[in-house]
Amino acid sequence: MKNLIALLTSVIFLSSCAVQRDYAAGPDQPFDFPNSLYLQSDPDFDLYKVDSDLSIILIRAYRGGLMAKLGHDHVIASQNMQGYIRIDKKTGECRADFYAPLESLDVDNKIFRAAENLDTTPSPEDIIGTKKNMLKSLEQTKFPFAQLHSSDCSLADSMASTGVALSVHGVTRELQLKISIEPYTEQSIRVKGEFSILQTDFGIKPFSIMNGLIKVQDRLDLSYSISATKLAN
């Protein structure tokens, strides 16, 4: 997954025009997203806005069950991450809030599958069915976003474990993640890392058919590279 995320980050960088997308609270954003906290002009903080054109989250889902060979492993991508990072210029204290709309997830893109060297080739009908079943399991119409919040991401500079809150399917779990925040250009930073979760920890029932003879395993592996550009105070 590390090699895949590095490859795709390079592809995104080379193919992107790096246009920043403006957005405001509304149906395309979680109702509780703290826009006002970040958009208040304060010279004591450096404020960075996520550049969704240069950011990607990859999720690896695995086939399971006694007849797993008849199924597929899956790569799911989110390339529509939104959010902010705020860093105190004096203390280095850091806060971050991100979200991603689930409806726009890209399931089993052939480029991503090739980069991951997956050993099966799902048909277009398989891919449509996989996304439909995934969004049904996530109850996407009721819980349309995944959100990630950190009230103190300053430890990320030292690669120490950083406390974050991940909200999916209406459930929030506290996680300790090793996150890397590094300068990318003079006016931007990049956040990178990887972690695993269990679907059942978020009240999600992994998809299965034929009484579990073919199913999706509970564990999901996630890898991400998020670029954010500094905004003027």
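Here, buried means under 20% relative accessible area, exposed means over 50%, and partly exposed lies in between (1.4 Å probe, protein chains only). This is a predicted model, where local features need pLDDT of at least 70 and side-chain atom pairs count only at pLDDT 80 or more, while totals for chains, interfaces and linings use all residues. Residues are numbered from 1 along each chain as its sequence is written, and side-chain values use heavy atoms, with hydrogens and water left out.

**View A. F195 and Y224 form an edge-to-face aromatic pair.** The ring centres are 6.2 Å apart, with 65° between the planes. (Rings of Phe, Tyr and Trp, the last by its six-membered ring, pair if their centres lie within 6.5 Å; planes under 30 degrees apart are stacked, over 60 edge-to-face, and the rest tilted.) F195 sits in strand β11 and Y224 in strand β13, 29 residues apart, so this pair ties together distant parts of the chain. (Strands are DSSP runs of E, at least two residues; helices are runs of H or I, at least four; both are numbered from the N terminus.) Both F195 and Y224 are buried.

**View B. F33 meets Y99 edge-to-face.** F33 belongs to the loop between α1 (2-15) and α2 (35-39), while Y99 is in strand β5, 66 residues away. Buried is the word for F33 and Y99 too. Zoom out a bit and there's a cluster: F33, Y38, Y84, Y99 and F145 make up one aromatic group. Over the whole structure, the search turns up 5 aromatic pairs.

**View C. N35 reaches Q29, side chain to side chain.** The polar contact spans 2.7 Å. (That term covers a pair of N or O atoms within 3.5 Å; within protein, one must be able to donate a hydrogen and the other to accept it, and residues adjacent in sequence count only if both atoms are side-chain atoms.) N35 is part of helix α2, and its relative accessibility is 10%, so it counts as buried.

**View D. R86 puts its charged end over the ring of F45.** The distance to the ring centre is 4.1 Å. (A charge sits over a ring if NZ of Lys or CZ of Arg is within 6 Å of the ring centre and within 35 degrees of the ring normal.)
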